[in-house]
Amino acid sequence: MSETRIALDRTARVAPVNRRIFGSFVEHLGRCVYDGIYEPGHPTANEDGFRLDVVELVRELGSTTIRYPGGNFVSGFRWEDSVGPRDQRPVRRDLAWHSLESNQVGLDEFARWLALTDSELMLAVNLGTRGIQAALDLLEYANHPSGTALSDWRIANGTPEPHDIRMWCLGNEMDGPWQTGYMTADDYGKLAARTAAAMKMADKDLELVVCGSSGSGMPTFGEWERVVLEHSYEHVDYVSAHAYYQERGGDLGSFLASSVDMQYFIDTVVSTADHVGNRLKSKKKIQISFDEWNIWYLDEHKASEEINDEWRYAPRQLEDVYSAADAVVLGNLMITLLKNHDRVTSASLAQLVNVIAPIMTEPGGAAWRQTTFFPFSVTSRLARGEVLRPRIETGSYETAVYGEADLVDAVATFDEADGSAALFLVNRSLTETQTVRVDVRDLGVSSVREAVSLWDDDVYAKNTMHDQNRVGLRPTPTASLDDGVLTLELPPVSWTGVSLG
Ligand code: AHR
């Protein structure tokens with residue numbers, strides 16, 4: 001057993017907790033929308049066809065902003081197809097996922113689903129096959145109160161109030177050759193700048209996200225951000241970041257240290273954005289919208305038959321089943337997002353239901369929580385007030401991919417208003433329990449209100465349709481607070497959330 005020391009200091013503030021850091025993502029992909037959130041024949045479906053058992057789980061998950069409708073899907077999407085009388089909506093081919101899109105769920109229905117889940121919409125426009133005019137039309141349809149052709153069309157379609165969408169994504173992953181209409185950084189930067197400028201002529205208070213890199217391994221990573229931001233800096237508010245992680249070749253140790261890559265990604269984008277801002281003598285700082293992040297066993301999906309030549313409605317695609325170890329990595333990625341919350345002020349777990357998702361469903365059947373559901377929901381529920389960056393003294397271990405990595409990682413929040421605090425920790429060791437002593441004297445807290453952990457003797461244990469509750473949260477019986485020191489033991493490959501008051 002080895003020991004870790006952590007000190008929490010209320011002046012080590014990162015930023016106030018912005019609920020947008022707990023966003024998620026719903027794409028018209030596989031069974032995320034159809035046979036996921038929407039299944040008209042399901043016993044729990046409401047009058048719009050939305051499954052209320054899924055709504056309940058989404059509320060429990062605590063996701064906030066929802067990015068929609070893609071993803072790769074958006075780059076071939078004609079938004080007009082998905083509004084108006086449902087029986088007149090066309091069926092289209094979605095080239096991104098090689099499937100059929102019925103358009104039975106569109107912006108107006110999705111906005112009603114968002115109201116059920118108390119979520120904010122983050123809408124993406126198509127800059128792959130379309131451009132400025134389509135973006136402006138969608139903006140007019142969605143946000144203009146009334147008295148114009150497109151706002152009156154929305155009203156005629158049964159949505160009298162404007163959707164008032166604040167956050168808009170200027171396309172999706174335009175650096176990726178897999179993207180319909182992908183571009184060079186120079187071409188995209190110009191198009192994004194012009195689109196953003198035009199959208200802000202309609203509404204100067206919009207918050208616009210320009211596409212950054214699809215991953216830190218992209219050959220254009222860094223240079224893409226520089227060129228795109230040189231064109232668009234003064235017109236946009238966020239640059240996006242996307243990152244997916246998976247265990248490769250049985251190397252669990254490296255996988256558990258995936259946050260090292262996320263930190264490198266954030267550092268690179270922040271320094272590039274600030275370099276551009278300084279060169280432009282701009283007073284503003286660009287924020288990062290980490291609007292796709294998760295565990296995704298992409299290599300296995302590429303090798304599978306799930307995306308094939310057939311044109312099918314809502315095929316089963318990207319339905320990863322997550323293990324206890326995956327949940328630990330996901331919890332660690334959330335710790336990293338919070339540690340960088342001064343610059344990463346919006347994030348979306350990709351995705352929400354069935355497709356690389358914390359929630360799974362069966363048609364006509366149950367909805368259940370994957371292992372990754374738990375660290376997300378606890379972090380979203382407990383993180384309040386200000387994020388604090390802890391001082392951590394811990395051991396390290398050697399990884400093949402990232403070199404030396406810390407055994408324990410952690411982040412805290414402190415709510416000055418009610419004197420409560422929360423601490424989120426991971427133990428990445430494959431073999432050793434970590435005894436952790438946390439000096440919380442500066443916070444003035446005196447009791448442990450709640451302490452839960454996620455771990456399993458079988459790090460690959462999963463929740464499946466047939467065993468939906470195999471992995472869940474466990475109490476952390478070792479957590480105790482005496483004389484301003486919180487002590488707890490973290491089992492190998494574990495995630496823990498603690499609430500103090
Ligand atoms: O989330 C799945 C896909 O991953 C999204 O459609 C795309 O943006 C990314 O490559």
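## Basis of the model

The model is predicted: local features need pLDDT of at least 70, side-chain atom pairs count only at pLDDT 80 or more, and totals for chains, interfaces and linings use all residues. Residues are numbered from 1 along each chain as its sequence is written, and side-chain values use heavy atoms, with hydrogens and water left out.

Two strands pair if DSSP finds at least two bridges between them.

## The ligand site

Around the ligand (one heavy atom within 4 Å) stand residues including Phe25, Glu27, Trp97, Glu292, Trp296 and Gln351. Polar contacts are pairs of N or O atoms within 3.5 Å. An oxygen atom of the ligand lies 2.6 Å from an N or O atom in the side chain of Glu173. For the side chain of Tyr244, the corresponding distance to a ligand oxygen atom is 2.8 Å, and for a polar side-chain atom of Asn172 the distance is 2.9 Å. The protein covers 96% of the 280 Å² of accessible area that the ligand has on its own (Shrake-Rupley method, 1.4 Å probe).

## The open antiparallel sheet

Seven strands form an open sheet with antiparallel pairing, in the order β2-β16-β20-β21-β27-β23-β24. Its edge strands, β2 (13-16) and β24 (474-475), each pair on one side only. Strand β16 (residues 386-388) and β2 pair in the antiparallel sense over three bridges, with Val387 of β16 opposite Ala15.

Thr476 is found in the loop between β24 and β25 (480-482). Because its relative accessibility is 7%, Thr476 counts as buried. The side chain of Thr476 reaches the backbone nitrogen of Val452 at 3.3 Å; within protein, a polar contact also requires that one atom be able to donate a hydrogen and the other to accept it, and residues adjacent in sequence count only if both atoms are side-chain atoms.

Technical notes
Helices (H or I, at least four residues) and strands (E, at least two) are DSSP runs, numbered from the N terminus. Buried means under 20% relative accessible area, exposed over 50%, partly exposed in between (1.4 Å probe, protein chains only).
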